[in-house]
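Please consider the model below with attention to its aromatic side chains, its nonpolar surface and its backbone geometry.

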Amino acid sequence: MLVRRHSRELIANLLAIALIPFIARALWPRFSEAFTTFGFGDVVGKLAGLGGWTDAGWEVASAVGLIRPDFKAYDSLEVLHPLIGMELEFVDLSVHSHPPMSIPLGVPLGFIDYGWWLSFWVVASFCAIALTMRLLRVAPHIAYPLAVVIGLSVPGKWALVSTYPLSALLVALAWRMRARPIAGGLSYGLLGATRGIGLILLLYPLVHRQWKTIMVAVGTVLALLLIALAFEPTIIADFLTTSRDSITANMQRDDLLTIGSFFRRWGLPEYLAWIIALVVALIAYLRKQELFWILNWLILAVSPIAWFHTIILGIPLMVVLWKSGRLGQVLVLITAAAAISQPVNPFTTLVFSTGWTVFIIASGIGIIACKIPRRPLPGHTPKQAGANHSV
């Protein structure tokens, strides 16, 4: 089993998650100025328990709102943030944008001090980025240093306190465990529960008639939804009204980086971007590219909301493109350069990386032009047919 073969590595990751926050708390009082001077103050400060505003904190605040009878999961962030002791750096009237089945996952952290669980979360995010690459057979001497570099970049620092590293890990797990109904189904289900659009990936086991995998995935989503409904019977209605209105407002923001948002700014209908994405996916499929990665790209390309740190979600696909050959490596390097640069958004005075937009375009070219062969499910074909299975 994968866990047995890599038990030492998993134990090392767990030890890092458990110990690094305590080391950071010991070092912060003496070296906080130095950490800040060298640009690591925000990351080390959160490791040391200083808290602050985070996307992950918003997730947990919404979960606490779910189980508190005097609040609702889709109350505004301004209302929910005091429930976990998260300080707001600005007034935010928007509400949680993820589907109802994602919210129960944050409940356990609602019973732990915010500063404490966040410090462990940051280390776990570094580990999730590294393990995402490891699951796709990137060597450890490359995966772990690269995870640190990614985590300390500008988009990486924001992603460390979000759920993006976890989602990237779930994509890699879904691929690596695609022949195992329980592990694969849980990966698909949790990805779909946390990011509803991720359910598109279930087309892969559907095409391959993996009924048990689909049952586990759908069962996972339904179980989480039923838990949410048990605490808050109106949660679906609130998602379709209050949350939808907030999502619509976010889709109008100037720092949104989806292809559709650029079309809107140019006076073109946003659905045109979705049509183009479907055409690209169809061309890639006709060129006999691997369906799993075509669907992965399609999910990212049609996502209605994406910020500059959403680029972390692209790590699994970028690993696959890198392994595909010279063209894929060039496309990944172009994406990386765009992600770490900080040009001024041409539509606003905000300074944000446009790496996400570049990634969608570059990876779209990649899934058509790079050599990403269809790979048989492990154990479903003769060894000769599945010999080339490096990812």
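The model is predicted, and 15 aromatic pairs are found in it. A pair of aromatic rings is described by the distance of the centres and the angle of the planes. For W175 and W293, the ring centres are 5.5 Å apart and the planes meet at 50°, so this pair is tilted. Because W175 belongs to helix α9 (residues 164-176) and W293 to helix α16 (residues 291-302), the pair ties together parts that are 118 residues apart in sequence. Both W175 and W293 are buried.

A second tilted pair is formed by W356 and F359, since their ring centres lie 5.6 Å apart with the planes at 45°. W356 has a relative accessible area of 2% and is buried. F359, at 1% relative accessibility, likewise counts as buried; the cut-off for this class is under 20%.

Aromatic rings also take part in contacts with arginine. The charged end of R25 is placed over the ring of W116, 3.4 Å from the ring centre. R265 lies over the face of F262, and the distance to the ring centre is 5.1 Å.

W266, L268, Y271, L272, W274, I275, I276, V279 and I283 make up a nonpolar surface patch of about 830 Å². One of these residues, I276, is located in helix α15 (residues 271-286). With a relative accessible area of 41%, I276 is partly exposed.

The last topic is backbone geometry in loops. R137 is not a glycine, yet its phi is positive, near 65°. This residue, R137, lies in the loop between α6 (114-135) and α7 (140-152), and its relative accessible area of 39% makes R137 partly exposed. K288 is also not a glycine and has a positive phi of about 65°. The loop between α15 and α16 contains K288. At 57% relative accessibility, K288 counts as exposed, because the cut-off for that class is over 50%.

How values were computed:
Residues numbered from 1 in each chain as written. Predicted model: local features only at pLDDT ≥ 70, side-chain atom pairs only at ≥ 80, totals over all residues. Heavy atoms only, no water. Phe/Tyr/Trp six-rings, centres within 6.5 Å; stacked < 30°, edge-to-face > 60°. Helix = DSSP H or I, 4+ residues; strand = E, 2+ residues; numbered from the N terminus. Buried < 20%, exposed > 50% of the residue type's maximum accessible area, 1.4 Å probe, protein only. Lys NZ or Arg CZ within 6 Å of the ring centre and 35° of its normal. Patch = residues over 30% accessible without salt bridge, like charges linked within 9 Å, V, L, I, M, F, W, Y side chains within 5 Å. Areas by Shrake-Rupley, 256 points an atom, 1.4 Å probe, with all protein chains shown as cover. Salt bridge = Lys/Arg side-chain N within 4 Å of Asp/Glu carboxyl O.
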